[in-house]
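Student: Hi, can we go through this structure together? I have some quick questions.

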Amino acid sequence: MSGYVQNIEKLAIENDDFRRVLYTAKNSQLVLMSLKPQEDIGAEIHKVDQFFRVEEGAGEAVLNGARTAIQAGFAVLVPAGVNHNIINTGTVPLKLYTLYAPPNHRDGVIHKSRSDAEGDSEHFNGKTTEQGSIK
């Protein structure tokens, strides 16, 4: 494989995992996320830039305390160092995808739930999708 070409909207809407790393390149990473009603990703600060695109559902983006309503079609760009959270404020799952630049998670990792993610101390280990991943 050289690069990644897929229908990201379809994949995001069909995804039921809290986090699913789809593709990891040297300088960026594509990840699907699904938040249950009233679930959030948890306030966090990264050393990397992060982009979110909402494909289905409604919620709030919180960036350094500023809350903004988001819904399908919205994009959120979080520069490195910004305290952020994405919250599902709706009654249906919030389906989205996110891009990290550079990568933040181990290639191929799947966290079925937020508690799975919180219990896993995994981080990007330098291996990209095309080098072969550790799952």
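Student: How do the residues of the lining of the largest pocket divide into nonpolar, polar and charged?
Tutor: There are 5 nonpolar, 6 polar and 6 charged residues. Ala, Val, Leu, Ile, Met, Phe, Trp, Tyr, Cys and Pro count as nonpolar, Asp, Glu, Lys and Arg as charged, and the others, Gly among them, as polar. The model is predicted: local features need pLDDT of at least 70, side-chain atom pairs count only at pLDDT 80 or more, and totals for chains, interfaces and linings use all residues. Residues are numbered from 1 along each chain as its sequence is written, and side-chain values use heavy atoms, leaving out hydrogens and water.

Student: Which residues are closest to the centre of that pocket?
Tutor: R19, E44, N104, H105 and H123, out of 17 lining residues.

Student: Where does the largest share of the lining come from?
Tutor: From helix α2 (residues 114–118), with 3 residues.

Student: New topic. How many aromatic pairs are there?
Tutor: The count is 2. Rings of Phe, Tyr and Trp (its six-membered ring) pair if their centres lie within 6.5 Å; planes under 30 degrees apart are stacked, over 60 edge-to-face, the rest tilted. Y4 and Y23 form a tilted pair, 5.7 Å centre to centre with 40° between the planes.

Student: What does the pair tie together?
Tutor: Y4 lies in the segment before α1 (8–14) and Y23 in strand β1 (residues 19–24), so the pair links parts 19 residues apart in sequence.

Student: Is Y23 buried or exposed?
Tutor: Buried, at 10% relative accessibility. The cut-offs are under 20% relative accessible area for buried, over 50% for exposed, and partly exposed in between (1.4 Å probe, protein chains only). Y4 is partly exposed at 28%.

Note on methods:
On a 1 Å grid over the protein atoms alone, a cavity is a set of points where a 1.4 Å probe fits but cannot get out, and a pocket is an open set with protein on both sides within 12 Å along at least five of seven lines; lining residues have an atom within 4 Å of a point. Helices (H or I, at least four residues) and strands (E, at least two) are DSSP runs, numbered from the N terminus.
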